[in-house]
Every structure is written in C-alpha cells, then in structure tokens.
Amino acid sequence: MKHFSKAMFIGAAIGMLTLTAPQLQAATPKDQLVIGTSLAQVLSLDPQQATEPKALEILANLYDRLVATTADGKIVPQLAEGWTDDGKSLTLKLRDASFVSGNPVTANDVVFSLTRLLKLNQSGSSYFKRIGYSTETIADQIHVVDPKTVRIDLTDKVTTEGLLYRLALGVSSIVDSVEVQKHIVDGDSGNAWLRTHSAGSGPFTLNKWTPNEIVLLDANKAYVGGAPKMRRVIIRHVPESQVERLMLDRGDIDIGNALSKSDLETFETKSNFVIQRVPTGGFYVLAMNAGNQYLANPKVREAIAYGIDYKGIEKTIMGPYGRARNIPVPENFEYALPNPDWHLDVEKAKQLLAEAGFKDGFSLTLKTISQTPRIDLATAIQASLGQIGIKVEIQQGNGSEIIAAHRSRNFDLLLPQTSALMPNVLGSMDDFANNPDNRLEANNAGNFAWRSAWDIPGLTALAQKTSVEPDAKKRAELYAQMQQMFVDLKPALLPLFERFEPLVLSGRVKGYLGHPNQMTRLENVTKAEAE
Amino acid sequence: MKELSVAEFGRRIAHLIVSLFILLCVTFVIGRVLPADPVGAIVGELADPAAYAAMRQRLGLDLPLYEQFFIYLKGFVHGDFGTAILTGNPVSADLAQAFPATFELATFAVIISTFVGVPLGLVAALFRDRLIDKIARVVALVGHSIPVFWFGIVGLVVFYAGLNWVGGPGRVDVYYEGIVTPRTGLLLVDSLLQGETDIFWNALSHIILPAFILAYAAVAYITRMTRSFTLEQLSQDYVIAARAKGVSPAGTIIGHVLPNIAVQLITILAISYGGLLEGAVVTEIVFSWPGIGQYMTNALMIGDMNAILAATIIVGFFFMFLNFLADIAYAVFDPRTREAAR
C-alpha cells in the first residue's frame, strides 16, 4: 500500500492547495456595476437592428436618441434640447453633444441614422413603416435645416406625439455617421461592424461583447450630461435562475433580472435586497388562430375567455411577472377601461360551447416557448380548459421554432408576449388593433393580428382614426371605443396578464430605475461601500 | 508503433474519415429538417416578408437541400464552416474560442476522474465485498443516477454560496475579464504564461467545482470498470502464483495487475474523455461556462444550424479521434489484438 498511499497523499495535497488558494472574489467593487442576466437572445448590438429587450438595455446606454421617455412615460429631450411642431412637421434643435469618437452630433447624423433604420429593413423599421415612412420616401421626409437642426415631416398616419414616442425607441438611436461610413462593406450600411462595435454619444461605450458570455461597458467620461458614476458596467450571462440567485446572495452580482418566480421570492424577506417590478405595458397573450374551424367562432373564443382561471394562475404561477387583465391596456394607463366580465365560469363556458355547436368539446394544440413563466402558464391553461371540454395538447419549442410557427399561422393556440409601443391606449393596443389585410396572400407575418388570422377591419380603421386625431378630448373618446370594440369582438388575441419584468437589486445599488421599454439608463446609478 | 502495419493504420484512418462523413450527413439532415427559423432570429419578429425573404436568400436557405449540402461540404473541405448567426463571426473562429474552454474543463475532469476512479476501482476489487468495496459501489451508483444538473446546483450551494471555498460561475471573476490575452485559449495556461498568478488562482478556484461535478459521472464509470477488470485478473493463475510467492496485495496490483489492465484502462479513459466533452453541455449551462456546450445550446435556441453542425462535428470528431487513439494503443500494446487482426 506504500505507493498507493503516496498517490492518495498527492491527490489530497492538490485538493487542499486548491481549496486554500487565495480567495480573490469578494463583493463587487464600488465603481463597477455587475448585472446578471440571460444574454441568449442578444444577436446584435447594431441599434437599428436589435429589438430584443436585453439588447435594448445595453443600447440604451451606448447611444442617445433625440428624445427619451421617462419611466412614467413622459417624453423628455435627450439629444434634442427642444422641438417645435407646426402640425405638418416636427423641428428639433440639437444640443451641443459629441460622439465618443470626438465627432460632433449633427443633423446629418440624425438623417443618416433614421434613413439607415429604414434601409436595413429589419424588424425595427416596422415601427416607422407602419406610419408612412419608407426607404423610397424617407429622403423627402427628413431634412437638415442647419447642422444643429433637423426637420421631420409628419405623414397622414401619425401625430406629433406618435412620432416622438417612436423617436425615443432603441431603433431610433443616433449613430456616428462619420465613423459608421468608414465601415460599410458591400452596401451593408456598416451593419457587420456595428453589430459588435459602438459608435454612439451615450454615457457608456462598448469595450467588449462576447456573445452568451459577457458585455463590458466603459464610462464615456466626455458624456454631455457628465461622466457616469460607474467606471464600468459588466453584464454577465447567467442563464440559470438558481445560479443567479446564489450569485446575488454572495454579492458577485449587483442586479439579477432573469430569475424564476420561486427564486425571486426568496429575496422578498431579505433586508439587503430590493425587488423592482417594472411594468412593461405589454401582455402575456393567448393567441387563437381564427383560421381554425373552432376558433373562428366568436362564441368559442368567448367560451375560452370564460374557461381560464386568471386569478388562480396569477396567484400560483405569475406572481411578480403578471397581473390578470383581459384588455390590452394596462390598468393604470389613462383612459383604460375596467376589465370585462371574463373569469373562470365553467358552466357559462360550457353553455357557450354548446351554443356554438360543440357540446362535446374538441381538441387543440397549444404552442409555447419552454421558458419561465410561459411553460407553467401553458400547463395551467391546459388544466383549466380541460374542465370545459377542450382538450389541449401542449407543444413546447425553442424561440425560433415557436416564432416560425406563429409567423406561418401554423398553430391552434400559442402564447406570445407583447410590449407597449407608447405608454397610452394606442401604444399598448398597437399589436392588437391593426390588421389591414387578413388574406393569406398578404403574408404580413410582421403583423401580430394577421398571424392569428383575426380579421378586424372595423377596429383597424378605428385605430387608424385615433392615431391621427389631434384633439385630446376626442382621442380619449376614441380610446374608450377601441377598447370596447376589442372586447365586443371576442378577441382572437386574448390578453391574459399584464406583463412585468421583475428584478432584484442589491441594497448597495442606488438610483436604478427600471424602464418600461427596457431603456434603463445607468449613468446616475451609484453603489454604496460593501459592508 | 513498429508492430502496427501501415496498411492497418491506413484502414483505421479510412474508418475514421467514413465515420466522420456519416456524422456530417446525419447532422446536416437533422439540422435542416428541424422546424427552427434562423431567419426570424436575425431579422426579428416584426420584419416584413420582403426582408425575411431577402435574408433567407442571403443564407442560402432557399436552395434545394442537396445543393445546400453540397455547398456546405465544399466549404467544410476548405475549413469553412460558414458564418454563425449568433455572433456574425466565422463559426471556426467561434469554435476556436469556445472549444479551449470546454477542453480545459474536460481535461481537468478526466485527470480528476482518473486519479480518483482508478485507485478506487483497484481498492474495491482488492477488498471485494468489504466496506471499501461497498462504498465504491455506492459512489458509482450515485454518480451514475443523479443528474449532473442537480449535482451542479448542490455543489454551488454548498461550496460556493455556503462555504465560500470555490469561485462562482464563469471561468474567472468578472473583474479579471479581458486582462489575459488568449494564446492557447486555456485560461490556466495563458494566465501562467503571462505571469498573472492572481488570475491563475482565481481561474483554478472557478474550474475546480465544475470539473469535479463533471468528473463524478466519469468516476463512477471508471471505478466500476477498473473494479471488474481487476477482479478478472485477480482470479488468474499468475496472480495466485504471485500471491503464493508472498507478494503483498499492493505489490500484486501495481506490479502485476495494473500492467495487464493498462490497455483496457486506456480505452475506458478515452471513452470517458469523449463522454466528458459531451457531458460538458449541461455543466456549462449550470456554471455559465463559455464553452462549446453552451455555444451549442444557444445556437440550438435560435436555430443557428451552421454553429450546431460544426460544434457537433468537432465534438464527434474528438470522440472518434480518442477512440481511434485507444484503438491504436490496443494494437500497439496488446499483441493479442494484432494477432487477431492478422
């Protein structure tokens, strides 16, 4: 056993050496903010391309936009110091800011950026295309008045307010045209370069992005609003909720925002942590394919609306993620109507099904991304609808599978989620009240209502009318009409829960205020000394 | 190596290439028939059909399947695995970054599992049905039956969050990110090469737990196999003769049994090594380890087929290559195999 003991001794020695090695990790440094999240969906940091929430959180700090929205939904100046509106166009005066490169921010950069958005023609451009701006027309719609003034013409599809809210979106970020033009390859508008580099005037600059690993942002000391308090922001990919919870507990990260309900709840009782429940203005939705033989019938859709236990699911599954609500306008928005009388009523639901001619029920599939909390939500809906005689088979998939099925109308039931374009009725109903052409040939896969084959000419026209109504009082009336019409139609896009993004902050973090559109700025965030 | 004929060696190489080609075909077909939508992942959910169609064409996904395969094969032969959607980089560049992280983890794990599994198996065989054997069997059973995922979380709760003995998820603490310039891609090696001892210790404290967790399943397998190889040898005449001559149990094991089971051990270690590379997928998710497992998982989530295909082939190739080496080792070190081959 002599040799053997020696081997064991060496093994033990290596083990001891490792375990007693200097433990260098401690609380995060005071001048660096560390955020733990899932970066899995971040595919690009090109501001005119990325629309994914986690990418927006990064882009919000690398770039400025002409205007911004506050956490409570007000429009405030950002690169523009002010604007005037003559009913036909919006004129914005730029402040004296510079890009990180040292180049001044000019009207040319604004024109370049917004033109670039339409030219790239990806998801983000739909926000502007829908209101009458296009690659062909944009040159005549945006004008350089002088190096520090830009004028944007209004179309007949948008009000000044509607345009301003769109200018505050991440896709409207202003890029350094001089810098980006240096990196255009094969007419790609600099996309290949800008995916992994930053050319903005925001409070931070991109030091490094390794997909699914880490994003490092360095402070832009020359930022027009003053140097940020944090020297560096580190966003670390932590896809596993329980691991993120441990890292928060240990003080290795300061903010965690991809936690499951149960992990999140463990912080409720801890005094050195704060939970923020950021309202998004968006919804978890039950999309019903109106092209389906059963779901085409409004009575069936109403039966489903009466067949779901919203309150029970809110309590047991959604927790901090959602609040039961069946009109796609958050409860606290101005002019929001009270909830319709949809609640779990098995008898009434069965009666509606019988009236529709399906007394014995039928079977449907329910597609969902296998992700918290949607997968649990699907199971609860399955159980709930089972009680009224609708047999639901759940089909899980990853994001690309489910979105592909959604885009091609290849589903019976599906669980998507939405965000509010603007913090008002029009903005939150944008996805729910527009479907200009429901024909299959229209192939309008970018349209939320089209994907459910939900033909709503009346509601579409009403939404259109509302979006250009200049009179606030009349607009308020139209807001109420839109919501009422939505309920009366027994929607194929049934909002289930108002969507919140909960996040946990270490008590050391001060000045962090989660933004409804994921445009949270970090320049004023500070950190207390570690205890 | 002199004993292994050139023809035999060539035959095994050809076998390796054919297996690789079959793997390539199967993975390609599975990849293309999956209902994943890489185009949607790039252009975004709200993009209009024209933008969608243009991107589809750019990726070559509008071509017939055989044409896509042919193009892929042509690129593959030239070492071009295409471009990854996730990163926009050539897949080969991504893999060159991700693979060393996995390689480092798997190598660390195979070292641990060898140093634990082989002695445990030997001792268990030597003291058959005694307490140590029973312990070894329990260790093997537990390692075999409990999911790596669960082990990972428990390990983190106890050793990272509770006892503060090891570093947390990731290869290194966030404050050390970007300091070491990758040369080999192996952080432990690179940090030492650049004289960054602080980072070396930090990286070591980060790798130790995932490596142990990953190694555990392999320990179970190695222990079980070593035990059964040893038991087989212990009943042989030459062992009985050695024991009769008064050689101590340890002397018998080290002097007689070990050399005789060495070739078999090499094979199971090679298989374990390949298995560890595969097993790293789950471990990497739990430990936010930026290796090939995590790369593949994320690629799968967005339907990034070029990335999935190349990563699968790399892992598959490594697995086959290890088997090939084990095969060669067999042929070189075990004369009986050579005789049979002839």
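# Chains A and B: questions and answers

Trainee: How many residues does the contact take from chain A, and how many from chain B?
Mentor: This is a predicted model, in which local features need pLDDT of at least 70, side-chain atom pairs count only at pLDDT 80 or more, and totals for chains, interfaces and linings use all residues, while side-chain values use heavy atoms, leaving out hydrogens and water. Residues are numbered from 1 along each chain as its sequence is written, and chains are lettered from A and ligands numbered from 1 in the order in which they are written. With contact meaning heavy atoms within 4.5 Å, the contact takes 64 residues from chain A and, from chain B, 60 residues.

Trainee: What area is buried between chain A and chain B?
Mentor: The size of an interface is often given as the accessible area lost when the parts come together. Buried area is that loss for two parts, found with a 1.4 Å probe and summed over both. Carbon and sulfur atoms give 58% of the area buried between chain A and chain B, which comes to about 5,400 Å².

Trainee: How many salt bridges does the rule find across the interface of chain A and chain B?
Mentor: A salt bridge needs a side-chain nitrogen of Lys or Arg within 4 Å of a carboxyl oxygen of Asp or Glu. The structure holds 27 of these over all chains. Across the interface of chain A and chain B, however, the number that the rule finds is zero.

Trainee: How many helices does chain B have?
Mentor: Helices (H or I, at least four residues) and strands (E, at least two) are DSSP runs, numbered from the N terminus. From the N terminus on, the elements of chain B run α-α-α-α-α-α-α-α-α-α-α-α-α-α. Chain B has zero strands, and its number of helices is 14.

Trainee: What share of the residues in chain B is buried?
Mentor: The C-alpha atoms of chain B fill a box of roughly 85 × 55 × 40 Å, taken along the principal axes. A residue is buried under 20% relative accessible area, exposed over 50% and partly exposed in between (1.4 Å probe, protein chains only). Of the 342 residues in chain B, the buried share is 50%.

Trainee: How far apart do the centres of the positive and negative side chains of chain B lie?
Mentor: Lys and Arg count as positive and Asp and Glu as negative, while His and the chain ends are not counted. Each charge is placed at NZ of Lys, CZ of Arg, CG of Asp or CD of Glu. Chain B has 20 positive and 25 negative side chains, and the distance between the centres of the two sets is 14 Å.

Trainee: Is Ile207(B) buried or exposed?
Mentor: Ile207(B) is found in helix α9 (residues 197–234) of chain B. Apart from residues up to four places away in sequence, Ile207(B) touches Glu104(B), Leu105(B), Phe108(B), Leu188(B) and Trp289(B). Because its relative accessibility is 1%, Ile207(B) counts as buried.

Trainee: Which residue forms a salt bridge with Asp430(A)?
Mentor: The closest N and O atoms of this pair are 2.4 Å apart, and the partner of Asp430(A) is Arg130(A). The pair links distant parts of the chain, 300 residues apart: Asp430(A) is in the loop between α16 (425–429) and α17 (448–451) of chain A, and Arg130(A) is in the loop between α4 (126–129) and α5 (138–141) of chain A. Asp430(A) is buried, with a relative accessible area of 13%.

Trainee: Which residue meets Lys299(A) in a salt bridge?
Mentor: The side chain of Lys299(A) meets that of Glu355(A), at 3.2 Å from N to O. This pair, too, links distant parts of the chain, 56 residues apart: Lys299(A) is in helix α11 (residues 298–306) and Glu355(A) in helix α13 (residues 346–355) of chain A. Lys299(A) counts as partly exposed at 33% relative accessibility.

Trainee: Where does Arg409(A) lie?
Mentor: Phi of Arg409(A) is near 60°, a positive value in a residue other than glycine. Because its relative accessibility is 14%, Arg409(A) counts as buried. Arg409(A) lies in the loop between α15 (399–407) and β16 (413–414) of chain A.
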